[in-house]
Amino acid sequence: MSANQFLQRLPAALNEEAVAGISCTIQFNVAEPAYATIGEGACAVQNGSADDANVTLTIADDDLIALLQGELDGMTAFMSGKLQVEGDLMLAQQISGFFDASRLA
């Protein structure tokens, strides 16, 4: 499965309690770039690049999938160079909590 196909699962795995009051755009720079827009307790994923992303994650497809499934620690990925983050670092640290990993398996 490609990271882009995996990202299409994000809306169904959204943890509405975790994103209460949050409005953001997350850019995923993977083999086929995509971005997720979160707001008002909902998530939408679009292909391409967002003009106004709050945070941009650059990561290999397999590593992104492992990260969002809870198999790869975000801090470890960042410190080892597997994950590059631009923009809101605090938001980047919260992303894994926005989604229920069990629904992404």
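1. Cysteine 24 has a relative accessibility of 5% and therefore counts as buried, where buried means under 20% relative accessible area with a 1.4 Å probe and protein chains only. Cysteine 24 takes part in no disulfide, and the nearest cysteine sulfur, that of cysteine 43, is 8.6 Å away. A disulfide is taken here as a pair of cysteine sulfur atoms within 2.5 Å.

2. The model is predicted: local features need pLDDT of at least 70, side-chain atom pairs count only at pLDDT 80 or more, and totals for chains, interfaces and linings use all residues. Residues are numbered from 1 along each chain as its sequence is written, and side-chain values use heavy atoms, with hydrogens and water left out.

3. Cysteine 43, at 13% relative accessibility, also counts as buried. The disulfide count comes to zero.

4. The largest pocket has a volume of about 330 Å³. A pocket is an open set of points on a 1 Å grid over the protein atoms alone, where a 1.4 Å probe fits, with protein on both sides within 12 Å along at least five of seven lines; lining residues have an atom within 4 Å of a point. The volume is the space filled by probe spheres set on the points, which are joined across faces, edges and corners.

5. The lining of this pocket comprises 15 residues, and Gly74, Met75, Leu83, Ala92 and Gln93 lie nearest the pocket centre. Helix H4 (74-79), strand S5 (83-87) and helix H5 (89-98) each contribute at least two lining residues; the largest share, five residues, belongs to H5. Helices (H or I, at least four residues) and strands (E, at least two) are DSSP runs numbered from the N terminus.

6. By residue class, the lining holds ten nonpolar, four polar and one charged residue. Nonpolar covers Ala, Val, Leu, Ile, Met, Phe, Trp, Tyr, Cys and Pro, charged covers Asp, Glu, Lys and Arg, and the others, Gly among them, are polar.

Note on methods:
Buried means under 20% relative accessible area, exposed over 50%, partly exposed in between (1.4 Å probe, protein chains only).
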